[in-house]
Amino acid sequence: MSKILIVLLDGLGDRPSRSLNGMTPLQRANKPGLDELAAEGVTGIMDPVAPGVPVGSDTGHLSILGYDPYKFYTGRGPLEALGAGMDLRPGDVAFRVNFATVGDDWTVIDRRAGRISTEEARALGEAIREMAAAFDSEFAFDFLTTVEHRGVLVMRGDGVSDEVTDVDPHMEGVKAEMPRPRSPGAERTARELERFLRKAREVLESHPLNRERVRKGLRPANAILPRGAGKMPRLPSLRERYGVSCVVIAGGALYRGVCKAAGMDVRIVPTATGTLNTDLNAKFNAALESLKTYDLVFLHIKGTDTASHDRNPSAKAAFIERIDKELRARIDQLGDVIVCVTGDHTTSSVDGRHHGDPVPLLIWGEGVRRDEVVRFDEVSCARGGLGRIRGLDLMNTLMDLTGRVEMFGE
Ligand code: ZN
Ligand code: ZN
């Protein structure tokens with residue numbers, strides 16, 4: 001049976017840009033490898049969730065992996081916590097948190113705590129973890145920092161609820177309100193979370209690292225502000241659904257988290273940064289290597305989305321060219337592999353936002369019908385043989401091409 005390589009370019013879809021003479025970055029990029037795959041394979045466009053629905057990376061990925069986000073999405077917290085390496089069980093409640101600088105009355109002075117570094121945040125996070133382990137509550141708490149001022153907080157225990165309000169007001173100069181229950185069943189969760197946040201503040205205010213920051217005239221990270229409470233869902237794994245072994249290669253915590261929730265193993269590439277300066281060579285090497293032992297390899301590359309948010313269409317085109325070079329150099333070594341290249345949503349490099357436009361999609365390999373499209377971009381692929389599909393259709397399409405879907409009917 002053929003193996004499957006999915007190359008997921010985050011925020012790949014785009015809109016025409018004046019600075020590129022009315023072309024999208026993908027149209028502008030010189031990418032002979034991707035064009036060759038498009039010419040030899042089948043193409044199409046895909047609505048990650050539905051036409052005209054702008055989606056986040058989390059819901060986009062869920063859908064593309066075959067999980068209806070309207071059914072399975074419970075917020076970004078659980079997926080991010082999972083991706084950060086926390087051991088989450090279905091039913092646990094996870095929050096995304098920021099280290100922030102707040103005043104005596106919890107007015108938010110700086111949502112990023114003076115751009116605290118990942119290393120400093122980690123040291124403070126250790127202190128919070130220790131406090132959490134000793135914290136006397138009917139719920140268990142766990143905390144982990146991720147990148148810079150960001151982290152995740154997990155609550156576990158009987159009756160823990162995700163029906164609590166955000167503490168992070170999402171802007172500065174406004175008071176961070178303590179969590180409130182959104183339903184009667186969430187009262188205990190809100191109360192215990194508030195106790196935890198107040199205790200965390202004590203720990204942070206007296207931490208030597210923060211004292212040192214204040215001495216240097218820097219803003220202390222003196223509070224943690226949770227938001228986006230979500231309950232860890234139970235997803236039927238890809239192995240249960242299709243009998244495949246899978247692995248994800250991704251720099252960002254969120255992508256690892258979504259894939260882990262789908263039952264994938266995680267392969268860490270230490271030089272994969274999840275940014276434009278990532279080590280593409282190492283990531284593609286890891287993907288090729290993983291194809292020897294796994295049925296499905298999910299290679300996630302974030303830089304395309306980053307360049308879009310930076311509103312830099314030329315940087316996006318240049319990054320696509322780098323990806324193309326790495327992929328092209330390996331096409332001949334792939335062997336019996338079905339390759340799929342697509343995105344999880346459109347991110348416009350003109351306005352820097354996610355949009356509901358469909359994304360281009362190509363599938364290449366033995367037994368794949370060949371359509372008449374010879375270029376891989378948003379406009380050409382719209383004439384492709386796959387037509388316009390939904391994210392939810394992708395897994396079935398790939399699994400059927402590789403003979404892994406059971407017939408419906410007699
Ligand atoms: Zn994305
Ligand atoms: Zn994005």
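Q: Is valine 53 buried, exposed or partly exposed?
A: Valine 53 counts as partly exposed because its relative accessibility is 27%; buried means under 20% relative accessible area, exposed over 50%, and partly exposed in between, with a 1.4 Å probe and protein chains only. This is a predicted model, in which local features need pLDDT of at least 70 and side-chain atom pairs count only at pLDDT 80 or more, while totals for chains, interfaces and linings use all residues. Residues are numbered from 1 along each chain as its sequence is written, chains are lettered from A and ligands numbered from 1 in the order in which they are written, and side-chain values use heavy atoms, with hydrogens and water left out.

Q: Where is valine 53 found?
A: Valine 53 is in the loop between β2 (42-47) and α3 (57-64). Helices (H or I, at least four residues) and strands (E, at least two) are DSSP runs, numbered from the N terminus.

Q: And what is valine 53 in contact with, leaving aside neighbours within four places in sequence?
A: Tyr70 and Gly356 are its contacts on that basis, where contact means heavy atoms within 4.5 Å. The C-alpha atoms of valine 53 and proline 358 are 9.3 Å apart, although 305 residues separate them along the chain.

Q: Turning to the metals, which protein donors does the zinc ion (ligand 1) have?
A: They are Asp10 (OD), Asp10 (OD), Ser57 (OG), Asp344 (OD) and His345 (NE2), at 1.9 to 2.6 Å from the ion. Donors are N, O and S atoms within 2.8 Å of the metal (3.2 Å for Na, K and Ca); water is not among the atoms, so sites may look incomplete.

Q: What do aspartate 10 and histidine 345 tie together?
A: Aspartate 10 lies in the loop between β1 (3-9) and α1, and histidine 345 in the loop between β11 (337-342) and β12 (346-347), so the pair ties together parts 335 residues apart in sequence. Aspartate 10 counts as buried, at 0% relative accessibility, and histidine 345 also counts as buried, at 0%.

Q: How far apart are the zinc ion (ligand 1) and the zinc ion (ligand 2)?
A: The two ions are 4.8 Å apart.

Q: Next, glutamine 27: where is its place?
A: Glutamine 27 is in helix α1 (residues 25-28). A polar atom of its side chain lies 3.0 Å from the backbone nitrogen of threonine 24. Beyond its neighbours within four places in sequence, glutamine 27 is in contact with Gly22, Arg375, Asp377, Glu378 and Val379.

Technical notes. A polar contact is a pair of N or O atoms within 3.5 Å; within protein, one must be able to donate a hydrogen and the other to accept it, and residues adjacent in sequence count only if both atoms are side-chain atoms.
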